[in-house]
Amino acid sequence: MSTYLVFGATGNVGRRVVERLARDGAAVRATSRTPQTAKLPPGVEVVTPDLEAPGVLDGVEAAFLMWPFHSAEPARPLVDALKRGVRRVVFMTGGGARPGLAPEEQPNPVARWHATVERLIERSGMEWTVLSPGTFMANTLWWSEQIRAGDTVCGAFGSLAMAPIHEDDIAAVAVHALTGSGHAGRRYTLTGPEVLTQAEQVRVIGEAIGRTLRWRELSPEQERARLLADPDFPDGFVDELLAGYATMAATPPPAVSSTVRDITGTPATPLEVWAAEHAAHFGGEPRA
């Protein structure tokens with residue numbers, strides 16, 4: 001039986017890739033920096049993400065790869081290790097990396113890292129598929145503390161339009177690309193079913209948990225200070241996030257993609273469904 005290697009297996013998307021593969025009866029080897037606390041489905045082999053360790057790549061047919069590093073420096077040895085035995089890689093890119101642009105031409109540091117990894121994979125000789133998802137619906141959890149504390153969410157760029165996507169929809173496409181045919185050499189743009197501003201996302205979450213929530217606009221400077229004062233938000237990501245939002249705000253709203261439906265046969269999940277599933281995080285009643 002072929003084995004599927006999943007990187008970032010305890011993350012928002014990687015965990016769902018593991019769960020879907022395991023549910024389908026596939027042999028799954030999942031990477032985690034803390035295997036003892038990974039809490040993945042029974043039968044899943046959990047290993048550290050050290051590709052030089054004995055047996056990690058044995059029997060691996062395909063790998064799901066995401067990029068957690070704040071640098072492209074580890075990419076070459078990782079890709080070199082994979083290509084020695086892995087036939088297929090599905091890479092989840094990010095940072096707004098733009099197809100067709102060289103890494104040095106990308107709009108921000110995160111996009112440059114991801115474009116560098118993409119280029120290495122594309123030139124590796126392995127079959128490859130690149131998934132380019134929009135904003136994760138899980139990013140709205142950044143507002144959960146404010147929503148639990150009251151009915152107002154403060155932030156910058158409230159009019160910024162996105163097409164947020166459910167992480168399980170990304171995982172569903174990833175599993176099709178890992179296990180099926182016809183995806184080699186393809187770059188899939190993945191979005192949710194509708195374009196929503198940040199302020200509209202807050203309203204939708206409120207409706208899902210039975211409350212009227214409002215957005216209060218902050219200046220970028222005020223938002224920077226607020227995020228830096230938040231002990232749970234990584235300081236090193238604050239300026240990157242705000243710069244990325246400023247860039248996105250200066251461009252046209254994203255187009256909604258039909259890729260999730262086209263590949264999986266199921267429409268992309270709307271935010272209100274995701275919010276109902278995660279109601280407890282926002283102080284609402286847990287939903288089935």
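The legends below describe close-up views of a predicted model.

**View 1. The second largest pocket and the residues around its centre.** This pocket holds about 280 Å³ of space. Its lining is made up of 18 residues, of which Trp142, Arg226, Leu227, Asp230 and Phe233 are the closest to the centre. Helix H4 (144-149), helix H7 (220-228) and helix H8 (235-249) are the elements that each give two or more residues to this lining. Sorted by class, the lining of the second largest pocket comprises ten nonpolar, five charged and three polar residues.

**View 2. The largest cavity and its lining.** The count of cavities of 30 Å³ or more comes to one, and the volume of the largest cavity is about 50 Å³. The residues that line the largest cavity are Thr135, Phe136, Asn139, Thr140, Trp142, Trp143, Met162, Gln198, Gln201 and Tyr245. By class, this lining divides into five nonpolar and five polar residues, with no charged residue among them. Trp142, which is one of the residues lining the largest cavity, is also one of the residues closest to the centre of the second largest pocket.

**View 3. The crossing of helices H2 and H3.** Helix H2 spans residues 75-83 and helix H3 spans residues 109-122, and the axes of these two helices come within 10 Å and cross at roughly 25 degrees. Because angles under 35 degrees count as roughly parallel, H2 is described as roughly parallel to H3. The crossing of H2 and H3 is right-handed.

**View 4. Thr129 in strand S6.** Strand S6 covers residues 127-133, and Thr129 lies within that strand. The relative accessibility of Thr129 is 2%, and the residue therefore counts as buried, the cut-off for that class being under 20%. Thr129 and Val13 are 116 residues apart along the chain, and their C-alpha atoms are separated by 16 Å.

**View 5. Glu277 in helix H10.** Helix H10 runs over residues 271-277, and Glu277 is found in this helix. Glu277 has a relative accessibility of 40% and so counts as partly exposed, since that class lies between the limit of under 20% for buried residues and the limit of over 50% for exposed ones. From C-alpha to C-alpha, Glu277 and Pro220 are 31 Å apart in space, while in sequence they are 57 residues apart.

Technical notes:
Residues numbered from 1 in each chain as written. Predicted model: local features only at pLDDT ≥ 70, side-chain atom pairs only at ≥ 80, totals over all residues. Heavy atoms only, no water. Helix = DSSP H or I, 4+ residues; strand = E, 2+ residues; numbered from the N terminus. Buried < 20%, exposed > 50% of the residue type's maximum accessible area, 1.4 Å probe, protein only. 1 Å grid on protein atoms, 1.4 Å probe; cavity = no way out; pocket = protein on both sides within 12 Å on 5 of 7 lines; lining within 4 Å. Points joined across faces, edges and corners; volume = space filled by probe spheres on them. Nonpolar A, V, L, I, M, F, W, Y, C, P; charged D, E, K, R; others polar. Axes fitted to C-alpha atoms, helices over the stretch in contact; angles between N-to-C directions. Parallel < 35°, antiparallel > 145°, perpendicular 65-115°, else oblique. Left-handed = near helix turned anticlockwise from the far one by under 90°.
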